[in-house]
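Hi everyone, thanks for coming. Let me put the model up on the screen, and then we can walk through it together.

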Amino acid sequence: MSFSNNFKYLLLYVLFIWLIYIFLFGNEELLDSIGIVLKYESRSVFVIFLGIILEAFPFIILGVVFSSIIQEFVSEDMIRRLIPKNPITALFTALFVAILTPVCECAIIPVVRRLIQKGVPVHAGTAILVGAPILNFIVFSSTFYAFQGQPYIYIGRIVLCIVTVMIVGVVIYLKFSSVNILRTDKQISANLKAENRESKLKSIANHSINEFFLVGKYFMIGAFFASIAQIFINRYALAEATSQSVNGVVIMMGLAFLLSLCSEADAFVAASFQQFMSSVSLLAFLVYGPMIDLKNTLVMIASFKMKFVVYFIALVTIVVFVLSLLSGVYLRFGG
Amino acid sequence: MKSRIQDKQINNELQGIILICFGLLIFKLFLSQQISLILSPKMIPFTAFSMIAFFILGAYRMFSNDSMSNGCGCDGCDTKSAGIKRYLQYSILFILPLVIGFNLESYNLSLDSITKRGVSSDVTLRSDGDLLSEVVNFQEKTIEVTDSNFFKVMQVLNENMQEVEGFTINMKGFVYRDDNFNENEAVIARQAMSCCVADSSVFGYMLKGEVNTLETGKWYELKGRVENIEMGDEMTPVIKVISTKEMKEPKELYIYII
């Protein structure tokens with residue numbers, strides 16, 4: 001047994017030294033020589049992949065550290081006292097929390113998961129999940145900047161998001177309020193915490209790293225698929241092929257899902273679609289993308305039970321789709 | 001029992017190595033300045049933060065050897081897949097990107113994939129003040145396009161065309177053509193990103209005149225005259241080519257939106 005472990009240690013250090021070596025002297029010939037050839041498209045896929053992960057890492061790290069801090073310092077009693085008993089009041093509290101937390105869709109998931117574990121009602125947690133990526137000043141200002149003079153888009157994005165939060169919150173309350181939606185049960189954490197004697201700081205570091213790898217595994221897969229979609233989908237051909245608003249909404253929601261852009265940056269991408277797409281479908285793109293996309297779906301699968309993830313995605317998709325079409329009707333007749 | 005603890009210890013060290021190497025990868029991209037092809041300057045402080053966090057967390061995980069930490073007190077840990085399966089997962093998901101990242105020397109998107117992103121010419125970003133006098137030299141009737149005023153010029157050409165029609169414009173860019181273009185059509189274009197390369201798009205103007213000698217993907221310094229023509233059912237600014245000069249691809253490949 002110990003022989004095989006020694007062997008593993010040896011491999012590990014060889015790996016580390018080799019990684020340091022290629023950090024210092026790496027070049028593309030070396031890459032070719034180990035059989036990885038990146039030309040044209042595959043190189044672009046990797047560049048986009050690197051872009052997505054480097055952009056998200058700081059926020060994922062903040063998310064897992066914050067989640068670990070909640071784990072250490074926030075007790076179930078505190079949550080019980082802070083969250084209003086009335087489910088509707090709780091929903092508004094969640095909406096307020098969503099506005100206060102300016103984080104993107106991947107980083108919020110570990111935090112929400114931890115909050116639910118600590119006793120925050122599921123529907124309030126879900127409301128934070130849906131609302132936090134859009135409802136903040138940074139996203140508003142970038143949308144405003146990209147769609148100057150088009151209040152339908154930058155106000156509409158906020159309004160549609162709030163309405164979606166409310167509808168999704170209520171439906172989730174009716175459906176999941178007494179169900180455990182987390183992937184592992186609460187019991188484990190409660191038991192282990194009692195025997196956990198390490199210092200708080202160490203404990204936070206350990207939790208953070210564990211959670212980073214748990215979330216990171218799925219995030220990497222999601223980012224990889226998103227970067228493939230980014231390179232191989234001819235978005236303008238897609239956009240030009242549709243003129244009807246219903247089709248447009250479907251296509252733009254699909255694109256939002258696949259491209260997996262961060263909520264802060266998607267407004268500019270949407271703006272570059274302006275000449276092909278209707279405002280309604282741009283709005284659907286801007287509201288749907290931050291709530292659900294390829295990379296955060298995978299991170300959700302890492303954190304919540306499959307049944308909940310599927311239900312949640314279906315629900316948000318339907319709600320955003322219907323709301324976008326209704327806003328189109330409003331635009332044509334009322335506004 | 002002992003071997004299980006050791007096994008966790010090995011797993012910990014592997015995680016530590018991965019974290020440190022992500023820090024090193026970011027560090028290498030900073031040193032080689034390739035980071036500017038991946039992230040916009042406004043993201044750099046965040047990325048520097050993640051680099052430092054990776055170093056600290058990685059070193060902590062590598063060198064802390066209290067076995068309790070591996071016991072993973074919370075349920076946010078990765079104990080489901082054990083042994084060889086996990087090493088395989090880690091190798092593909094974390095180590096492979098690190099290996100490619102350490103070795104790759106050029107982070108440009110291929111021309112094909114840029115083309116699939118399409119080109120746009122009427123993005124109007126909010127900017128205050130008197131744009132016209134800011135970007136247009138009325139005395140000499142010229143417009144000088146730089147990285148920093150690129151979108152302001154685009155706004156002027158879309159909104160105040162009547163005041164600048166016929167003016168001379170000088171700009172740099174690469175020649176863009178997609179599948180629907182015929183030989184006499186081309187666009188002088190730039191790539192722009194707001195946060196990272198994943199949200200980058202192509203922006204540019206349609207060219208008129210002698211364009212069939214211009215090679216797709218090559219960079220040119222272009223001198224032209226601004227004109228307004230009807231395309232489809234709306235007026236679009238185009239540039240009538242006066243002269244072009246081939247140039248080397250610049251270091252600042254991207255224009256950064258705010």
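How many salt bridges does the rule find across the interface of chain B and chain A? It finds 1, a salt bridge being a side-chain nitrogen of Lys or Arg within 4 Å of a carboxyl oxygen of Asp or Glu. The partners are Lys116(B) and Glu41(A), with their closest N and O atoms 3.7 Å apart.

A word on the ground rules. This is a predicted model, where local features need pLDDT of at least 70 and side-chain atom pairs count only at pLDDT 80 or more, while totals for chains, interfaces and linings use all residues. Residues are numbered from 1 along each chain as its sequence is written, chains are lettered from A and ligands numbered from 1 in the order in which they are written, and side-chain values use heavy atoms, leaving out hydrogens and water.

Back to the interface. Here 92 residues of chain B are in contact with 85 residues of chain A, contact meaning heavy atoms within 4.5 Å. About 8,200 Å² is buried between the two chains, with carbon and sulfur atoms giving 68% of that; buried area is the accessible area (1.4 Å probe) that two parts lose on being put together, summed over both.

Now, please look at chain A, where helix H3 (residues 40-73) and helix H6 (residues 105-117) pack at an angle of about 10°, their axes 7 Å apart. Axes are lines fitted to C-alpha atoms, for helices over the stretch in contact, and angles run from 0 to 180 degrees between N-to-C directions. Helices are DSSP runs (H or I, at least four residues) and strands likewise (E, at least two), numbered from the N terminus. That angle makes H3(A) roughly parallel to H6(A), the term for angles under 35 degrees. Among the residues that meet are Phe59(A) and Ile60(A) from H3(A), and Pro110(A) and Val111(A) from H6(A).

Finally, the whole structure has 11 salt bridges over all chains. One of the salt bridges joins Glu227(B) and Lys208(B), at 2.9 Å from N to O. Glu227(B) sits in strand S7 (residues 219-231) of chain B and Lys208(B) in strand S6 of chain B, so this pair ties together parts 19 residues apart in sequence.

Conventions
Angles under 35 degrees count as roughly parallel, over 145 as roughly antiparallel, 65 to 115 as roughly perpendicular and the rest as oblique.
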